[in-house]
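Please keep the view open while reading.

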Amino acid sequence: MSEKILLRHEQVPDLRRLEVYEADGGYSAVRKALTEMQPAQITEEVKDSGLRGRGGAGFPTGVKWGFLPKNAPKTYLLCNADESEPGTFKDRQIIEHNPHLLLEGIIISAYAIGCHTAYIFIRGEFARGAQRLEEALAEARARGYLGDNILGTGYALEVYVHRGAGAYICGEETGLIEALEGKRAYPRVKPPFPATYGIFGAPTIVNNVETLACVVPIINRGAKWFKAIGPEKSPGPKLFCVSGHVQRPGVYEAPMGTPLREVIYDFAGGISGGKRLKAVIPGGSSVPVLRADEIDVAMDFESVAKAGSLLGSCGVIVMDEDTCMVKALKVIAHFYAHESCGQCTPCREGTPWLYRLLTHLEDGGADPRDLELLLQVADNMMGNTVCVLADAAAMPVKSFIAKFRDEFEEHLRLGGCPQRLAARPHQAAAS
Ligand SMILES: Cc1cc2nc3c(=O)[nH]c(=O)nc-3n(C[C@H](O)[C@H](O)[C@H](O)COP(=O)(O)O)c2cc1C
Ligand code: SF4
């Protein structure tokens with residue numbers, strides 16, 4: 001796809017400035033939505049487009065909007081800009097370089113769900129992003145795209161940027177809501193879901209940055225146009241984040257359903273240093289790993305699930321032939337142990353347990369039964385907690401061991417990491 005929609009700033013310099021954005025056709029979708037369309041029509045258009053949430057779970061956006069109770073006295077729109085999943089850095093591109101696209105998507109979506117207050121919850125580390133959003137908000141307010149009487153239509157909306165304090169769990173939608181309310185980000189037990197009980201108990205729609213940005217071209221060009229891009233069940237333009245052992249790590253825009261092989265070898269230039277590929281995590285650190293012989297998969301929700309993993313946040317983490325899979329998993333386990341909010345016992349105790357077991361495997365001193373114990377701990381974490389962070393920690397453990405079991409067994413047999421032992425042969429001789 002040569003025309004960029006979400007990464008339009010790569011083709012139009014200074015797009016984050018309102019006058020440039022408007023000159024490029026920006027805010028025409030807001031004008032169209034507010035002056036020519038009823039809110040219910042917009043929801044129908046988004047439903048017909050087949051747009052699915054880009055935050056990880058892929059829930060159909062229009063269907064989610066339809067869950068709001070009718071005639072609720074107060075509703076909120078909450079834009080999830082927490083973007084903390086390892087390997088994921090796509091929303092940041094939109095926020096920093098194309099913020100008016102996000103604001104335009106927020107205004108249209110807020111109008112569709114009958115809401116007059118929207119929040120953008122942005123991760124604390126995105127200082128530049130928060131500043132750029134504030135600048136864009138000020139420009140939009142001054143031009144009449146926000147405020148009491150938007151474009152003279154009588155529709156009122158205010159948007160606030162709320163900075164987080166750097167916790168991964170704030171990205172989970174109910175943790176996000178708790179944090180926005182000024183509390184510790186403990187995810188809530190669901191149901192009730194935010195669409196019925198969200199911010200301060202009012203019905204709330206939580207959507208990802210990229211999801212809301214997609215609403216703009218849907219209104220401008222129609223549901224049919226959007227649905228024609230990529231596979232029927234997972235349509236639309238998509239941002240792919242590629243990191244790890246590739247020549248050109250970065251964010252790439254392409255139709256949903258683009259083959260993973262193309263993302264790695266064409267967009268990102270293949271494996272750095274002329275090495276061979278060993279493994280790929282296709283959707284951020286929370287999803288099962290794929291082996292090098294499993295990358296002929298289309299990057300859409302159905303196809304990646306069929307291949308045994310998940311599209312998730314589309315954070316493609318590439319590992320070359322020299323990667324120690326035990327160490328890679330240990331790094332992932334450390335992240336989840338650090339980020340568990342501690343509310344549920346299986347997650348609070350399970351995540352550091354996984355990390356400790358993997359540390360023993362890596363450093364030496366593991367018990368021969370530890371491999372089975374790792375799997376047992378992971379099994380007991382899954383499906384037994386308030387939110388799915390525990391599952392996100394357990395899934396990589398299960399898939400890494402299933403797909404690279406020989407490496408884990410070799411660590412056990414040798415009493416530590418073969419790469420480290422090769423670098424320090426006296427240690428190997430002593431063990
Ligand atoms: C532990 C955890 C972290 C999450 N982090 C994010 C995040 O950083 N950004 C995001 O959009 N969704 C994140 N999600 C998913 C949100 O809970 C929610 O499903 C999403 O924001 C809904 O938006 P969408 O329908 O547009 O995808 C996370 C979920 C979990 C369980
Ligand atoms: S699963 Fe983990 S992160 Fe989620 S609520 Fe329970 S303890 Fe917190």
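1. The model is predicted. The points that follow should be read with that in mind.

2. The largest pocket has a volume of about 1,400 Å³. Its lining is made up of 49 residues. Those closest to the centre of this pocket are Gly 55, Gly 56, Ala 57, Gly 171 and Val 388.

3. Which elements each supply at least two residues of the lining of the largest pocket? They are the strand β4, spanning 204–208, and the helix α16, spanning 389–403. The largest share comes from β4, with 5 residues.

4. Sorted by class, the lining of the largest pocket holds 20 nonpolar residues, 17 polar ones and 12 charged ones.

5. Three helices, α3 (39–49), α4 (61–66) and α6 (99–112), each supply at least two residues of the lining of the second largest pocket. Which element gives the most to that lining? That is α3, with 5 residues.

6. By class, the lining of the second largest pocket divides into 9 nonpolar, 5 polar and 3 charged residues.

Technical notes: Residues numbered from 1 in each chain as written. Chains lettered and ligands numbered in written order. Predicted model: local features only at pLDDT ≥ 70, side-chain atom pairs only at ≥ 80, totals over all residues. Heavy atoms only, no water. 1 Å grid on protein atoms, 1.4 Å probe; cavity = no way out; pocket = protein on both sides within 12 Å on 5 of 7 lines; lining within 4 Å. Points joined across faces, edges and corners; volume = space filled by probe spheres on them. Helix = DSSP H or I, 4+ residues; strand = E, 2+ residues; numbered from the N terminus. Nonpolar A, V, L, I, M, F, W, Y, C, P; charged D, E, K, R; others polar.
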